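Subject: A structure for you to explore

Hi there,

Here is the structure I promised to pass on to you. Have a look at it first, and then read on for what turned up in it.

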Amino acid sequence: MSNASVSHYPAATVSQHVEQHTLCVLVDNEPGVLARVIGLFSGRGYNIDSLTVSETEHEKHLSRITIVTRGTPMVIEQIKNQLERIVPIHRVIDMTVAGPALQRELAMVKVRGKGEARMEALRLADAFRARVIDATTESFVFEITGATDKIDSFINLMLPVGLVEVARTGVVAIGRGSEGM
Amino acid sequence: MAQEMTGAEMVIAALADQGVEDIFGYPGGAVLPIYDALFHQEKVRHVLVRHEQGAVHAAEGYARSTGKVAAVLVTSGPGATNAVTGLTDALMDSVPLVCITGQVPTHLIGNDAFQECDTVGITRPCTKHNYLVKDVADLPRVLHEAFYVAGSGRPGPVVVDIPKDVQFAKGVYFKPNEFPHKGYRPKLKGDLDKIKAAIEMMRHARRPVFYTGGGVINSGTEATHLLRELVRLTGFPITSTLLGLGAYPASDPQWLGMLGMHGTFEANMSMHDCDVMICIGARFDDRITGRLDAFAPGSKKIHVDIDPSSINKNVKVDLPIVGDCAHVLEDMVRLWRANAASPDPALKVWWAQIDKWRGRRSLAYKNSSDIIKPQYAIERLYAATRGRNVYITTEVGQHQMWAAQFFKFEEPNRWMTSGGLGTMGYGLPAAVGVQRAHPDALVIDIAGEASILMNMQEMSTAVQYRLPVKIFILNNQYMGMVRQWQELLHGGRYSESYTEALPDFVKLAEAYHAVGIRCDKPGELDAAIKHMIEVPKPVIFDCVVDPAENCFPMIPSGRAHNEMLLSDAAESIEDAITEEGKVMV
């Protein structure tokens, strides 16, 4: 009986398929609610790839948290159930399975360079529909919005050109079509 | 309705309006206004504990024996941090209580003021919900919400942290309304189609078993009645978790005893070999399942739970039903009755198999006429208390398992033990809380000599309030369960599990102005127990038992339900545990 899976506790889930999911969480905008969500993730060992939060309905005191997380299907289900258990959380929607959804993030990308590098930065920015929001004689700050992989590739292209710094918002998501969440 | 008063007075008013008659607490600088308000009234009686952990456990005992939401009052800083173990215990075992903590004045929060701690930060992961009230205008709403949240859905502890200036501030108090929380509405009714599907599965079951837990007891007496009705209607066998004991009468022939790591052979074998498992209000905890990949391998599982996060957490189930046990059981009973068929002959075969397993007499032990066997002590205690209005609490360890195995519970809410967190020191303060709620009952804390020393100070509370709790110590001079694991897994190297300098428990009892009894001879046990029961005062009973006795049956680490060790196999245990199993506790 030297099988490593022989254990008194649930077997590790490493062999199982890991998926990435985007969750939209509607919460009461009250002190500590974000700490509850983050505490849940750290306390139970879940992953956070990205997290954004902002008040979305001022008169109802509602905020919307968008979390990109990864785990096995069983863990993803647990995350949703555990989130719904938090008292000030109203709803949890899994945008990955709820139907077609739009996912966007915004990044500000600072690039430094002179001469040809500067021209190349502008050409790439144009191709990616990034806007120049600040410029000096030797630098630009670009603003770019889009899906995560588009922003990733823009940043990768800027690396050799003279990438200095990146600020990203993390993903926000909304369902397509006329229905609300 | 609306009335102007101070924040401190609101606390007392809200407690009274929520039906709180007793509150367990300990004063301090940041709660003095509330203690002052307490002084001026007679609706809420205060029990002064000797340590804040004791206050929370006492409230747990109170809540679990009455089914009501219990209340705790402690000060800021160390008052709050001392309460954390009790809060975590209450969260793990789903015990409804509201813990009011004092806080430094709002303008000092974050300044490292005297006796300041981040109470809501510290208690966030060990409460169902918590609040910091910075404005007295919010206080009545928050207090009523706290009771609602603590008691509804899956119950749990709620902390309300109130800065001292908010306690002094004046505001308008209002009484609770029906739905004090704007968003929190746990689902009570189960999905009827799923319940129908469950009944269908049960009808076609050939080897069914009910596996029930504390959720049935938390759901209330109605759930217990319905469970009993359903089990009798179906003729299926039933086993319960540690926390579920008492929901089904232990004297009933359909009862298999407790399951899990120290459960009976017949309960665990029935779980392993069943084809339909009906889990009601239990959560597939690791002490229950044993090795997960060998857990009830050929079974279809129905899981009824009010907490969706309990479903599919450890074990993938085939039919989840989210809802309150009483509601779901009511539907199940009705649907089963509506189409009552004659029992499947397969059930007879199943019962014949179960009777064979019972024939192993897995709880058997070798008695002695020279030394008291701990199992014998519990059996005699049970015999002496039969027919009495008795409540049992325990500490944590071997004595707890023996109590669960040998004390037979016929009714719910009679058994208070720390299951999820396994908190040594739980039993005495819990007994204080139970006795406070049931002044005329016989309340016994079945204890170990190591556990009892963890909250021994509460003896002083018991004496002060004339609460005649009986502390029945199975004294083997070891942290028995630690010693058992060291014997089985660590080559008998008893590292730090022996207590060199135990107090004289008889003198200790006397020092507290209680009664001490010592017994070390099997022949004198009955008379000594009788004496303990008859003394109208708190008693410490030092029952000196065999220090080498191990708790069996036992599913060793890394093993499945059908690989359990029985007491007559004791010599071969060392060989039966795998290397991997040794890392488990």
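**A β-α-β unit to start with**

In chain B, strand β2(B), helix α2 (residues 32-39) and strand β3(B) make a right-handed β-α-β unit. Before you go further, please keep in mind that this is a predicted model.

Strand β2 (residues 22-25) and strand β3 (residues 45-48) of chain B pair in the parallel sense, over four bridges. If you look for D22(B), you will find R45(B) of β3(B) standing opposite. Strand β2(B) also runs parallel to strand β4 (residues 70-74) of chain B, and three bridges join these two. There, L73(B) in β4(B) is the residue opposite G25(B).

Which way do the residues of β2(B) point? D22(B) and F24(B) point one way from the strand, while I23(B) and G25(B) point the other way. Whichever way they point, all four of these residues are buried.

**Two open sheets in chain B**

Six strands of chain B form an open sheet with parallel pairing, in the order β11-β10-β9-β12-β13-β14. Its edge strands are β11 (255-258) and β14 (319-322) of chain B, each of which pairs on one side only. On average, neighbouring strands in this sheet are turned by 15° against each other, if direction is ignored.

Inside this sheet, five bridges link strand β12 (residues 276-280) and strand β13 (residues 300-305) of chain B, again in the parallel sense. One pair to pick out is I280(B) with its bridge partner V304(B) in β13(B). Helix α8 (residues 192-203) of chain B packs on the sheet and touches β9 (208-212), β12, β13 and β14 of chain B. The direction of α8(B) makes about 135° with that of β14(B).

Another open sheet in chain B has six strands in the order β16-β15-β17-β18-β20-β19, with parallel pairing. Here the edge strands, each pairing on one side only, are β16 (415-416) and β19 (515-519) of chain B. Strands β18 (residues 470-475) and β20 (residues 539-544) of chain B run parallel and are joined by six bridges. Within that pairing, I473(B) has D542(B) of β20(B) as its bridge partner.

Which strands does helix α16 (residues 398-406) of chain B touch as it packs on this sheet? They are β15 (390-394), β17 (442-448) and β18 of chain B. Compare the directions of α16(B) and β17(B) on your screen: they make an angle of about 135°.

**A pair of helices**

Now turn to helix α11 (residues 265-273) and helix α14 (residues 345-358) of chain B. Their axes are 8 Å apart, and they pack at an angle of about 140°. The helices α11(B) and α14(B) are therefore oblique to each other. Their crossing is right-handed. On the α11(B) side, the contact is made by F265(B), E266(B), M269(B) and S270(B). On the α14(B) side, I354(B), W357(B) and R358(B) take part.

**Some backbone details**

A cis peptide bond, with omega of about -5°, joins F552(B) and P553(B). You will find P553(B) in the loop between β20 and α23 (573-576) of chain B.

S94(B) is not a glycine, yet its phi is positive, at about 55°. S94(B) sits in the loop between α4 (78-92) and β5 (97-103) of chain B. Is S94(B) buried or exposed? It counts as buried, because 26 other C-beta atoms lie within 10 Å.

N312(B) is not a glycine either, and has a positive phi of about 60°. The loop that holds N312(B) runs between β13 and β14 of chain B. With 17 C-beta neighbours inside 10 Å, N312(B) counts as partly exposed.

**And one residue in chain A**

Finally, find E165(A), which lies in strand β8 (residues 163-168) of chain A. Why does E165(A) count as exposed? The reason is that it has 10 C-beta neighbours inside 10 Å. E165(A) and H61(A) are 104 residues apart along the chain, and 34 Å separates their C-alpha atoms.

Enjoy exploring!

Best wishes

Technical notes:
Residues are numbered from 1 along each chain as its sequence is written. Chains are lettered from A and ligands numbered from 1 in the order in which they are written. This is a predicted model: local features need pLDDT of at least 70, side-chain atom pairs count only at pLDDT 80 or more; totals for chains, interfaces and linings use all residues. Two strands pair if DSSP finds at least two bridges between them. Two residues are in contact if their C-beta atoms, placed from the backbone, lie within 7 Å. Axes are lines fitted to C-alpha atoms, for helices over the stretch in contact, and angles run from 0 to 180 degrees between N-to-C directions. A residue is buried if 20 or more other C-beta atoms lie within 10 Å of its own, exposed if 12 or fewer, and partly exposed in between; C-beta atoms are placed from the backbone. A crossover is right-handed if, with the strands pointing away from the viewer, the path from the first strand over the helix to the second runs clockwise. Angles under 35 degrees count as roughly parallel, over 145 as roughly antiparallel, 65 to 115 as roughly perpendicular and the rest as oblique. A crossing is left-handed if the near helix is turned anticlockwise from the far one by less than a right angle, and right-handed if clockwise.
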